[in-house]
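Student: Let's go through this structure in questions and answers. Where do we start?

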Amino acid sequence: MNFENVRVENGDTLKEFVGSLGLQIKDDAIIKIGKFFVEIHGVKYEARSLEELREIIDKLRKTYIVMPAYNEEKTIGQVLDSLLTVFPKENIIVVNDGSKDNTEKIAREKGVHVLTHLINRGLGGALGTGITYALILGAQIIVTFDADGQHLLEDALKVIKPVVEGKADLAIGSRFKGDISGMPLTKRIGNIGLNVITALFAKKYITDTQSGLRAFSRECAKKIKITCDRYAVSSEIIIEASRNKCKVTEIPIKAIYTEYSMKKGTNVIEGIKIALNLFLSLFRR
């Protein structure tokens, strides 16, 4: 996150602490630092001491966004603009997955990292590329965020919280624990079916296995081996996290569906492919 300027609660100790981190104090900054907490858009990241607060700030500064993108010229500019209000461009990685439109051009104009696949490899391929690159850059927290406008910045900040505070290794943004009023009935049924199939492999039931909004700790991201190139990767990540004993939690988020985003993501055919991919993955291990 962009800690170039921060607000600070009254108190010389806090101001000295902020100064020791090399941060500039500005009264209208988005990020607020108080006694043992950092607050951004109403989300508080809490510590028990200044030393823990220092560690939380370090993790937040080293939080990277990984955004898979395939033919997203209609939405990616607006989505990136929202993220750039909090995250520096150096901490955003767009994986242009063989797009045939202006996705790559728009992302490059925003100044973020852009990695391009020459052919469309699918969601799993894009996430694998982006997560690996984020680890190389030194990410402590990695957030996956869709480019089609389905996610809110405020929800991403909530999903990060348990991982930054060390209470979880992987946090999934769950639409089923939040507001699913905008989710079509067919997608609700399909998602529940995939949740059940995923639970058979992971031995853990997650209410929204197909959510694209999730946050990993660095240690958990390093343990997860992605082999599925396409949508099955969402289930595979949960299965891998469970297999590697990563602590998984779910955070309620809002489901946003527009006419555009409803054309994206999984459908019945993709659901069948995901199930087949999961069974095949058993034989690859």
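Tutor: With a definition: a nonpolar core is a set of buried Ala, Val, Leu, Ile, Met, Phe, Trp, Tyr and Cys residues joined through side-chain atoms within 4.5 Å. Keep in mind that this is a predicted model.

Student: Which residues touch the most other members of the largest nonpolar core?

Tutor: In soluble globular proteins, nonpolar side chains tend to be buried together. Here the largest nonpolar core has 51 residues. The members that touch the most others are Met1, Val38, Tyr45 and Phe87.

Student: Which helix gives the most to this core?

Tutor: The top contributor spans residues 153–164. It supplies seven residues, and it is helix 6.

Student: How many residues are in the second, separate core?

Tutor: That core includes Leu115, Val233, Ile237 and Ile274. Its size is 33 residues.

Student: Is cysteine 220 buried or exposed, and what about cysteine 228?

Tutor: Buried means under 20% relative accessible area. Cysteine 220 has 1% relative accessibility, and cysteine 228 has 1%. Therefore cysteine 220 is buried, and cysteine 228 is buried.

Student: Are helix 1 and helix 2 parallel or oblique?

Tutor: Two packed helices are described by the angle between their axes and the distance between the axes. The axes of helix 1 (residues 12–20) and helix 2 (residues 50–61) come within 12 Å and cross at roughly 40°. That angle makes helix 1, relative to helix 2, oblique.

Student: Which residues of helix 2 make the contact with helix 1?

Tutor: Helix 1 passes helix 2 in a right-handed crossing. From helix 1 come Thr13, Leu14, Phe17 and Ser20. From helix 2 come Leu50, Leu53, Arg54 and Ile57.

Student: Are helix 7 and helix 9 roughly parallel or roughly antiparallel?

Tutor: Helix 7 (residues 185–202) and helix 9 (residues 233–243) have axes that come within 9 Å. Their crossing is right-handed, at roughly 25°. Angles under 35 degrees count as roughly parallel. So the pair is roughly parallel.

Student: Which residues of helix 9 meet helix 7?

Tutor: Helix 7 brings Thr198, Phe201 and Ala202 to the meeting. Their partners in helix 9 are Ser235, Ile238, Ile239 and Ser242.

Student: Is isoleucine 142 buried or exposed?

Tutor: Isoleucine 142 sits in strand 9 (residues 141–144). Among the residues it touches are Tyr64, Val66, Ile131 and Phe216. At 0% relative accessibility, isoleucine 142 is buried.

Student: Phenylalanine 36 and lysine 245 have positive phi values. Is lysine 245 buried or exposed?

Tutor: Phenylalanine 36, with phi near 70°, lies in the loop between strand 3 and strand 4 and is partly exposed at 25%. Lysine 245, with phi near 60°, lies in the loop between helix 9 and strand 12. Its relative accessible area is 73%, so lysine 245 is exposed.

Key: Residues are numbered from 1 along each chain as its sequence is written. This is a predicted model: local features need pLDDT of at least 70, side-chain atom pairs count only at pLDDT 80 or more; totals for chains, interfaces and linings use all residues. Side-chain values use heavy atoms; hydrogens and water are left out. Buried means under 20% relative accessible area, exposed over 50%, partly exposed in between (1.4 Å probe, protein chains only). Helices (H or I, at least four residues) and strands (E, at least two) are DSSP runs, numbered from the N terminus. Axes are lines fitted to C-alpha atoms, for helices over the stretch in contact, and angles run from 0 to 180 degrees between N-to-C directions. Angles under 35 degrees count as roughly parallel, over 145 as roughly antiparallel, 65 to 115 as roughly perpendicular and the rest as oblique. A crossing is left-handed if the near helix is turned anticlockwise from the far one by less than a right angle, and right-handed if clockwise. Contact means heavy atoms within 4.5 Å. Lists of a residue's contacts leave out its neighbours within four places in sequence.
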